[in-house]
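Please open the model in your viewer and keep a selection tool at hand. The stops below say what to pick next and what is to be found there.

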Amino acid sequence: MDQIRRELGDCRRCKLCTSRKNIVFGSGNPRADLVFVGEGPGENEDLQGVPFVGPAGDLLTKMIGAMGFSRNDVYIANVVKCRPPGNRNPEPDEIAACEPFLRSQLLAIQPKVIVALGKFAAQTLLRDTTPITRMRGQWREYEGIQLMPTFHPAYLLRNSAEKRKAWEDLQQVMKLFGKHPGSSA
């Protein structure tokens with residue numbers, strides 16, 4: 001993982017570098033069996049250089065805990081490593097510039113399962129433009145790794161009625177790991 005981070009360096013491969021404060025490479029266990037991939041850093045993440053530390057990060061931490069894991073057990077990364085201005089969606093050229101690094105991270109970790117959080121993570125990893133509302137909850141595969149698409153925590157904060165569906169998706173992941181709701185690690 002250190003080598004991948006060194007290769008990324010002080011990245012200037014796309015225009016996101018001009019407004020970022022920090023590159024948000026990823027965090028957690030580099031030998032994790034479970035990896036969460038989101039879209040890109042928000043303001044809090046950009047300031048701290050750590051993925052999922054704002055309100056959506058608080059919800060993700062709760063989701064991970066409810067699954068019987070801690071943030072130290074899993075690895076968390078994003079499709080793009082720099083914050084899009086105003087939290088806009090990442091553009092195709094920005095995704096293309098960052099994707100080799102995400103791919104390298106996933107190949108280095110070799111997790112059993114990837115949880116793709118939201119449309120951009122799922123569509124980028126799967127090369128599939130199916131809407132997340134139709135893709136979520138169905139096991140897919142990325143480079144031989146089981147992948148579960150689900151809603152992004154930021155979406156769930158805006159649409160709390162969808163939390164039940166996301167929990168159903170995460171329960172499928174738990175089942176693969178032999179975990180049951182209410183059990184601990």
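This is a predicted model: local features need pLDDT of at least 70, side-chain atom pairs count only at pLDDT 80 or more; totals for chains, interfaces and linings use all residues.

Residues are numbered from 1 along each chain as its sequence is written, and side-chain values use heavy atoms, with hydrogens and water left out.

**The sheet**

Begin by selecting the strands, which, like the helices, are DSSP runs numbered from the N terminus (H or I of at least four residues for helices, E of at least two for strands). You will find 6 strands in an open sheet of mixed pairing, ordered 1-3-2-4-6-5, where two strands pair if DSSP finds at least two bridges between them. At its edges are strand 1 (27-28) and strand 5 (140-142), each of which pairs on one side only.

Select strand 5 together with strand 6 (residues 145-150): the two run antiparallel and are joined by 3 bridges. Within this pairing, Arg-140 has Leu-147 as its bridge partner, and Glu-141 has Gln-146. The hairpin of these strands has 2 residues between them, and Glu-143 there takes a positive phi near 50°.

Strand 6 is largely enclosed by the rest of the structure, because 5 of its 6 residues are buried; buried means under 20% relative accessible area, exposed over 50%, and partly exposed in between (1.4 Å probe, protein chains only).

**The core**

Next, colour the largest nonpolar core, which has 56 residues; such a core is a set of buried Ala, Val, Leu, Ile, Met, Phe, Trp, Tyr and Cys residues joined through side-chain atoms within 4.5 Å. Its residues with the most contacts inside it are Leu-34, Phe-36, Val-37 and Leu-125, and helix 4 (residues 92-109) contributes the largest share, 7 residues. Centre the view on Val-37, where, leaving aside neighbours within four places in sequence, the contacts (heavy atoms within 4.5 Å) include Leu-102, Leu-106, Ile-114, Ala-121 and Leu-125.

**Aromatic pairs**

Now show the rings of Phe, Tyr and Trp (its six-membered ring), which pair if their centres lie within 6.5 Å, planes under 30 degrees apart counting as stacked, over 60 as edge-to-face and the rest as tilted. By this rule there are 2 aromatic pairs. Phe-69 and Phe-177 are edge-to-face, at 5.4 Å centre to centre and 80° between the planes. This pair links distant parts of the chain, 108 residues apart, with Phe-69 in the loop between helix 3 (55-66) and strand 3 (75-78) and Phe-177 in the segment after helix 8 (163-176). Both Phe-69 and Phe-177 are buried.

Moving to Phe-151 and Tyr-155, the ring centres are 4.9 Å apart and the planes at 35°, so this pair is tilted. Phe-151 is buried, with a relative accessible area of 3%, whereas Tyr-155 is partly exposed at 25%.

**The start of the chain**

Finally, select Met-1, in the segment before helix 1 (2-8), which is partly exposed at 26% relative accessibility. Leaving aside neighbours within four places in sequence, its contacts are Phe-25, Pro-30, Tyr-75, Gln-105, Ala-108 and Ile-109.
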